[in-house]
Amino acid sequence: MVMQRKRLGLTHFLIRKKRRESQIRRKQRESVHSYSNRRTQNPPLVMNHSQNATATGGAGGNGVILPMSNVASPADSSASATTGSPADDSKQNLNQVISSIQKTLGMLHQLYLTVSSFNAASQLPFLQRMNALVLELDNLAKLAEKCDIQVPMEVLSLIDDGKNPDEFTRDVLNSCIAKNQITKGKTDAFKGLRKHLLDELEEAFPDEVEAYRMSRATSAAEAKQLAQAQNALPNGDVKVKPEM
């Protein structure tokens with residue numbers, strides 16, 4: 001008899017719990033439906049570039065909406081900026097992309113805080129932050145079209161693996177040093193072979209080798225004079241290559 005009462009009480013408890021959960025879900029659906037109706041009747045709720053002050057500055061971590069400041073987006077600032085040299089434009093585009101990426105990361109963090117403590121009152125801030133994130137991602141895509149930077153796939157693979165991207169630079173330098181040593185060894189080997197052949201030829205054909213050496217010396221002198229003539233200035237001075 002006692003066990004039956006316990007089972008009956010547990011059954012009633014589960015039924016009441018399911019009813020409460022269904023009521024909460026119904027209220028959430030009604031809240032979303034009412035907000036969708038308000039968005040249809042009041043379009044300015046959907047933020048655009050002129051209203052977008054970013055979710056990081058427009059709302060706090062607890063879901064409370066703060067007053068949004070009228071901050072111009074990087075695309076607006078780039079339109080008003082004066083055109084400069086290609087190098088300055090490339091640097092400015094890169095800075096705008098970096099700024100947009102940082103802003104997007106801040107929005108994702110704020111969105112994470114909203115979702116982690118989500119309740120019925122957080123519905124409106126959540127939708128506003130989603131709208132702001134979509135607009136910022138669209139702005140980032142437009143800015144990226146103006147920024148032409150080639151990133152090696154190995155760097156992205158290292159980042160995905162959680163490693164330091166500087167390891168790619170280190171590996172490239174080590175590979176260049178190793179290839180340079182191999183090339184230097186081949187060059188030294190060919191120089192040694194050339195010297196050995198000249199020595200052997202000089203013993204067998206001394207006159208021909210002497211004529212060959214004189215011809216090489218004459219060609220080298222003519223090439224040196226031509227190079228000096230090309231580097232000569234109108235006043236007779238010689239151009240000096242600046243030291244790096």
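The model is predicted. The chain holds eight helices and zero strands. Its pattern along the sequence reads α-α-α-α-α-α-α-α. Of its 244 residues, 17% count as buried.

**Overall contacts**

- Take the contacts in the chain with a separation of 6 or more: residues 24 or more positions apart account for 55% of them.

**Helices α4 and α5**

- Helix α4 spans residues 86–116, and helix α5 spans residues 123–145.
- Their axes lie 10 Å apart, and the packing angle is about 160 degrees.
- Angles over 145 degrees count as roughly antiparallel, so α4 is roughly antiparallel to α5.
- The crossing of α4 and α5 is left-handed.
- On the α4 side, the contact involves Gln96, Val97, Ser100, Ile101, Lys103, Thr104, Met107, Leu108, Gln110, Leu111, Thr114 and Val115.
- On the α5 side, the contact involves Phe126, Arg129, Met130, Ala132, Leu133, Glu136, Leu137, Leu140, Leu143 and Ala144.
- By class, the residues of this α4 and α5 contact divide into 14 nonpolar, five polar and three charged.

- Isoleucine 101 sits in helix α4.
- The relative accessibility of isoleucine 101 is 38%, so this residue counts as partly exposed.
- Isoleucine 101 is also among the α4 residues that meet α5, and leucine 137 is among those on the α5 side.
- The C-alpha atoms of isoleucine 101 and leucine 137 are separated by 8.6 Å, while the two residues are 36 residues apart along the chain.
- Glutamine 128 belongs to helix α5.
- Buried means under 20% relative accessible area; glutamine 128 has 13% relative accessibility and therefore counts as buried.
- From glutamine 128 to leucine 111, the C-alpha separation is 9.9 Å, at 17 residues apart along the chain.
- Leucine 111 is one of the α4 residues in the contact with α5.

**Aromatic pair**

- A search of the whole structure finds one aromatic pair.
- Phenylalanine 118 and phenylalanine 126 form this pair, with 6.0 Å centre to centre and 80 degrees between the planes.
- Planes over 60 degrees apart count as edge-to-face, so the geometry of this pair is edge-to-face.
- Phenylalanine 118 has a relative accessible area of 36% and is partly exposed.
- Phenylalanine 126 has 21% relative accessibility and also counts as partly exposed.
- Phenylalanine 126 takes part in the contact of α5 with α4 as well.

**Helices α7 and α8**

- Helix α7 covers residues 166–204, and helix α8 covers residues 206–230.
- The axes of α7 and α8 come within 6 Å and cross at roughly 130 degrees.
- That angle makes α7 oblique to α8.
- From α7, the contact residues are Arg194, Leu198, Leu201, Glu202, Glu203 and Ala204.
- From α8, they are Pro206, Val209, Tyr212, Arg213 and Arg216.
- The residues of this α7 and α8 contact divide into six nonpolar, no polar and five charged.

Definitions and conventions
Residues are numbered from 1 along each chain as its sequence is written. This is a predicted model: local features need pLDDT of at least 70, side-chain atom pairs count only at pLDDT 80 or more; totals for chains, interfaces and linings use all residues. Side-chain values use heavy atoms; hydrogens and water are left out. Rings of Phe, Tyr and Trp (its six-membered ring) pair if their centres lie within 6.5 Å; planes under 30 degrees apart count as stacked, over 60 as edge-to-face and the rest as tilted. Buried means under 20% relative accessible area, exposed over 50%, partly exposed in between (1.4 Å probe, protein chains only). Axes are lines fitted to C-alpha atoms, for helices over the stretch in contact, and angles run from 0 to 180 degrees between N-to-C directions. Helices (H or I, at least four residues) and strands (E, at least two) are DSSP runs, numbered from the N terminus. Angles under 35 degrees count as roughly parallel, over 145 as roughly antiparallel, 65 to 115 as roughly perpendicular and the rest as oblique. Contact means heavy atoms within 4.5 Å. Ala, Val, Leu, Ile, Met, Phe, Trp, Tyr, Cys and Pro count as nonpolar, Asp, Glu, Lys and Arg as charged, and the others, Gly among them, as polar. A crossing is left-handed if the near helix is turned anticlockwise from the far one by less than a right angle, and right-handed if clockwise.
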